[in-house]
Amino acid sequence: MTKKKRIGLAVVLLVVVAGLFCAVFFGRSGQTASDSNSGVVLDKNAVDFQSEDTKAADPLSIRFPGYPDITIQQSDQVVPIVLTNPEGNPCLFQFKVTMDGSQEALLSSDWVEPGKALEGVSLPAALNQGDYTLYIQISTRSLDDQEPMNGGSVKVQLHVT
């Protein structure tokens, strides 16, 4: 066999081995991503939500919603807040709402898709008149591989009259 043929055969073998390696490596990593998918439970209470925000979504950044102060009556049992995952976000949101530094959650949601929202947070009991702070912790997971991404935290003032 000539030197040219040996070099050609070596190149062909190298390409075949590299192809097999890629097929095995990428085949397994794809399976792992879909297996982790099974651990995500979407919140059944999430509803479609269209925001008035017309800013184009950046596929590389996460948009977190802001919330104005909320006023409720002393007899109200539900805080009328809409917890949104803005449309175009590259991730799922999970909300945990607490009040005034308590570790007891008023709401612990399942995962909410972009363009969807949860409406209202139930209170365990009527609140006395006064001002309170709601803390909204937002955990995130990538839409592609369900890996955790940067989360956020938002404070909302609650006024009870």
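Visitor: What volume does the largest pocket have?
Guide: In this predicted model, the volume of the largest pocket is about 190 Å³. It is lined by 11 residues, and those closest to its centre are Phe49, Ser51, Pro65, Thr84 and Pro86.

Visitor: How many nonpolar, polar and charged residues are in that lining?
Guide: The lining of the largest pocket has 6 nonpolar residues, 3 polar ones and 2 charged ones.

Visitor: Switching to the fold. How many helices and strands does the protein have?
Guide: There is 1 helix, and there are 8 strands. Along the sequence the pattern reads α-β-β-β-β-β-β-β-β.

Visitor: And the contacts, what percentage join residues at least 24 apart?
Guide: That is 70%, taken among contacts between residues at least 6 apart in sequence.

Visitor: Where does asparagine 89 lie?
Guide: Asparagine 89 is in the loop between β3 (78-85) and β4 (91-99).

Visitor: Buried or exposed?
Guide: Asparagine 89 is buried, because its relative accessible area is 4% and the cut-off for buried is under 20%.

Visitor: What does it touch?
Guide: Leaving aside residues up to four places away in sequence, asparagine 89 touches Ser61, Ile62, Arg63, Pro114 and Leu143. The side chain of asparagine 89 also has a polar contact of 2.8 Å with the side chain of asparagine 85.

Visitor: Back to the whole protein, what percentage of residues count as buried?
Guide: Of its 161 residues, 29% count as buried. The protein exposes about 10,500 Å², with 55% of that supplied by carbon and sulfur atoms.

Notes
Residues numbered from 1 in each chain as written. Predicted model: local features only at pLDDT ≥ 70, side-chain atom pairs only at ≥ 80, totals over all residues. Heavy atoms only, no water. 1 Å grid on protein atoms, 1.4 Å probe; cavity = no way out; pocket = protein on both sides within 12 Å on 5 of 7 lines; lining within 4 Å. Points joined across faces, edges and corners; volume = space filled by probe spheres on them. Nonpolar A, V, L, I, M, F, W, Y, C, P; charged D, E, K, R; others polar. Helix = DSSP H or I, 4+ residues; strand = E, 2+ residues; numbered from the N terminus. Buried < 20%, exposed > 50% of the residue type's maximum accessible area, 1.4 Å probe, protein only. Contact = heavy atoms within 4.5 Å. Areas by Shrake-Rupley, 256 points an atom, 1.4 Å probe, with all protein chains shown as cover. Polar contact = N/O pair within 3.5 Å; in protein donor to acceptor, adjacent residues only side chain to side chain.
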